[in-house]
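Okay, thanks for coming, everyone.

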Amino acid sequence: MRGNNSRGGRVNSDVQRVISHVIEFEIKDPRVSSLVSVTRCDVTNDLKECKAYISVLGSDEDAENTMEGLRRASGFIRKRLAESLNLRYTPQIEFKLDKSIEYGVMMSKKIDDVLGANKSTEDTASEDAASEADDSEE
C-alpha cells in the first residue's frame, strides 16, 4: 500500500479528497446518506486498486444502504477521479465500512461512565468520612 513515501501519501490523500468531494456534492442517489465521511484511502503501488474506508453516522441500515449506493456509483466516482487526477491508471475503488469512529465514541462513553461511577463512589466515601468526623466531635 502507498503511504511509506511522500508520493504515495500524496496520492492517497488526493484520491481521498476527490472521492469525498464527489460523494458530498455530485452523487444524487437517495440511498447515500448525507452524513458520510471518507476516513482513509489506500491505493496500491501499481495504482490499479483503491480501498476507500467510509464512515456513516446513523443506524446500521443507513450504513448498508449507503454502502450499496456507493458500490453502484463506483463507476461514476472512478470517472470523476480520472477527470480530477492525472494518474497513469485510474484505480478500481472498493468501499469498506469503517466503524472506528463509532467504536471510539462508544469507548469514550464507557470511560466517562467508569469515571463518573468512581467519582460518585469517592463523593459517597468523603461524605461518610465527614459524617463520621462530625459524630466523633460530639
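So, of the 138 residues in this chain, 28% count as buried. Keep in mind that this is a predicted model. The chain has four helices and three strands, and if you walk along from the N terminus the order is α-β-β-α-α-β-α. And the contacts? Taking those with a separation of 6 or more, 62% are between residues 24 or more positions apart.

Let's start with helix 1.

Which residues of helix 1 are buried? Here's the list: Gly 8, Val 11, Asn 12, Val 15, Val 18, Ile 19, Val 22 and Ile 23. Look down the axis of helix 1 and those buried residues fall within an arc of 135°, so they line one face of the helix. Over on the other side of helix 1, you've got Ser 6, Arg 17 and Glu 24, which are exposed.

And what does the buried set pack against? Quite a list, actually: strand 1, strand 2 (49-56), helix 2 (60-72), helix 3 and strand 3 (92-97) all show up as packing partners of the buried residues of helix 1.

Now on to charges. Side chains of opposite charge can pair when their charged atoms come close. Here the count comes to nine salt bridges, and I'll go through a few.

One of them is Arg 80 with Glu 26, at 2.6 Å from N to O. That pair links distant parts of the chain: Arg 80 is in helix 3 (residues 74-84), while Glu 26 is in the loop between helix 1 (6-25) and strand 1 (36-43), and they are 54 residues apart. Buried or exposed? Arg 80 is partly exposed, because its relative accessible area is 25%, and buried would mean under 20%. Glu 26 is partly exposed too, with a relative accessible area of 25%.

Next, Asp 29 and Arg 31, whose side chains meet in a salt bridge at 2.8 Å, N to O. Arg 31 is partly exposed at a relative accessible area of 33%.

Then there's Lys 109 with Asp 113, a salt bridge at 3.5 Å, N to O. Both of these lie in helix 4 (residues 100-137), four residues apart, and that is about one turn of the helix. Lys 109 has a relative accessible area of 52%, so it counts as exposed, whereas Asp 113, at 45%, is partly exposed. Some bridges also share partners: Glu 26, Arg 80 and Glu 83 are joined into one network that way.

Last topic, the rings. Arg 40 lies over the face of Tyr 53, at 4.2 Å from the ring centre. And the charged end of Lys 48 sits over the ring of Tyr 89, 4.6 Å from its centre.

Definitions and conventions
Residues numbered from 1 in each chain as written. Predicted model: local features only at pLDDT ≥ 70, side-chain atom pairs only at ≥ 80, totals over all residues. Heavy atoms only, no water. Lys NZ or Arg CZ within 6 Å of the ring centre and 35° of its normal. Salt bridge = Lys/Arg side-chain N within 4 Å of Asp/Glu carboxyl O. Helix = DSSP H or I, 4+ residues; strand = E, 2+ residues; numbered from the N terminus. Buried < 20%, exposed > 50% of the residue type's maximum accessible area, 1.4 Å probe, protein only. Arc of directions from axis to C-beta. Contact = heavy atoms within 4.5 Å.
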